[in-house]
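Try each task before you read its solution.

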Amino acid sequence: MDIVVENLTKTYGPQRAVDNISFQVKTGEVLGFLGPNGAGKTTTMKAITCFLSPTDGDIKVGGNSVLSNPDKVKKLIGYLPEMNPLYVEMPVIDYLKFVAELQGIHKNKIRERIKEMVTICGLEGEKHKKISELSKGYRQRVGLAQALIHDPEVLVLDEPTAGLDPNQIAEIRALIRSIGRSKTVVLSSHILAEVEATCDRILIINKGKIVADGTADDLRKRAHNREVLRISIEGADSNTAFQALRAVDTIDLIDPLPMKECSFEIHSKNDATSRKAIFSLCVEKGWFLTEMTPIETKLEDIFRELTVN
Amino acid sequence: MKQIWIITKRELKAFFDSLMAYIMIVAFLGFTGFFTWLYGADVFFINQASLQSFFSISYWTLFFFIPALTMRLIAEENKSGTIELLLTKPVNDWQVVMGKFLGTLLLILIALAMTIPYYFTVSSIGKIDHGAVWSGYLGLILMSATYISIGLFASSITSNQIIAFLLAIFIGIIFHIIFDVLASSFTGLLGGIFSYLSINSHYESISRGVIDSKDLIYFLSLTFICLFSTEAFLAKRNLSK
């Protein structure tokens, strides 16, 4: 089920939280929403889930508009809000039953669905406890369970792994990945590694506008088209090697690494590769090339580049 | 309708889960029982088989209890953010407001139902005016409905329960006492208007056994105005934040 966001604008007083953005998410796609604090991620998600109505523009979920048919849209979406609010005074089972009833699951199927959710989200030992007695990680699981209980076509998750320990993060990521194969998932985060690990496509948003849209690889290519290598050479002293490397014409910059004798960080010129040239050089001089590692531009750098000013 | 009932059930259960309901029912029965049977203008003192003293004490007890019940209804959800969770389920703002309203009203009805034995007891010791008793109960129910809607409204405009409580009491006092006082200090049209606005005068006329459509319209319209305002405040999230 596709989500189509068309010219969405949302203003809070004079402030434009989301400024005329449009994008699409297709079935089977996990879209990562990335941006600094206050960029408009949460606002966009609240608009998709019909909590806030757009000031301008429209959102269609499976062809149903949030403006004219919110009840239908709400039924299609499973939503985990930021901070994961829950009725803490309720026991887990009762809470899931309440949500299942609200979602209009047939009476005979409610028990079965709850059982399934408890298993999937690993709540077996906690199901009779009150939510207030649960740790943060378990609460997050309850939040996911209530979002998934009606088997929604679209899943909207606002910072789903906030406050979890590394094992739980890995579990939840795996869960999102497996759901994402058949459903449409939109998740937001400001943790870049998370988005890279779980999402097929990344949307970077800043000050209410989309500044980048593509896969992690696309974004890397867009930001830097330069090859960076780390090499170590044996059988030569630093100075000679340095001089020899300077002579290679695809190399733009050589940065000696202080930690290790005769190792360098090599920046090639734009759109050029120096790997072959370095290898031939070593063969020619009779040196041993003990390390040659391509250094990928980190997503962090791209993110910074795109969102600072 | 189904959605309203699901929310009503949850709210009612929340009252019982949090002990609020038990405290409220016990205190309500304690107060009304004490003043109906044991102290002050009780049944034996006035020496009449009438529940008049019960109705007047219930009236004041509910005046304080209802804001205590309603204060958390929406304020707490605003504070914890669960309102977002609720409103992104397939329910609209009106269903949420109605569900919460009916949940609280149901609790009051349970508390009132527990005083039915008073009626049987009093009628067994003397000749009781049955009509006055039933209209007295009707008056209490209508008044409770109005107060719950006022409390719900107060709860919807803040995320602080104490403010919601005080505001509900404050609005209550205006309808309860201030309009009454103003009505007696003005004459003519103005006095008539204030007298019409006062909850007191309508409650009294109903609990005397006179069910006038004027009083019914007053209670129901005030209730719905408050419920609509509550819905409007819930929808306010769309204007600004």
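**Exercise 1: the interface**

Task: work out how much area chain B and chain A bury between them.

Solution: Chain B and chain A bury about 2700 Å², where buried area is the accessible area (1.4 Å probe) that two parts lose on being put together, summed over both. Of this, 56% is on carbon and sulfur atoms. On the chain B side, B:Arg10, B:Glu84 and B:Pro90 lose the most area to chain A, together 24% of what that side buries. Next, count residues in contact (heavy atoms within 4.5 Å): 28 come from chain B and 30 from chain A.

This is a predicted model, in which local features need pLDDT of at least 70 and side-chain atom pairs count only at pLDDT 80 or more, while totals for chains, interfaces and linings use all residues. Side-chain values use heavy atoms, leaving out hydrogens and water.

**Exercise 2: charges across the interface**

Task: find how many salt bridges cross the interface of chain B and chain A.

Solution: Look for a side-chain nitrogen of Lys or Arg within 4 Å of a carboxyl oxygen of Asp or Glu. The rule finds 4 salt bridges. B:Lys9 forms a salt bridge with A:Glu101, with the closest N and O atoms 3.5 Å apart.

Terms used. Residues are numbered from 1 along each chain as its sequence is written. Chains are lettered from A and ligands numbered from 1 in the order in which they are written.
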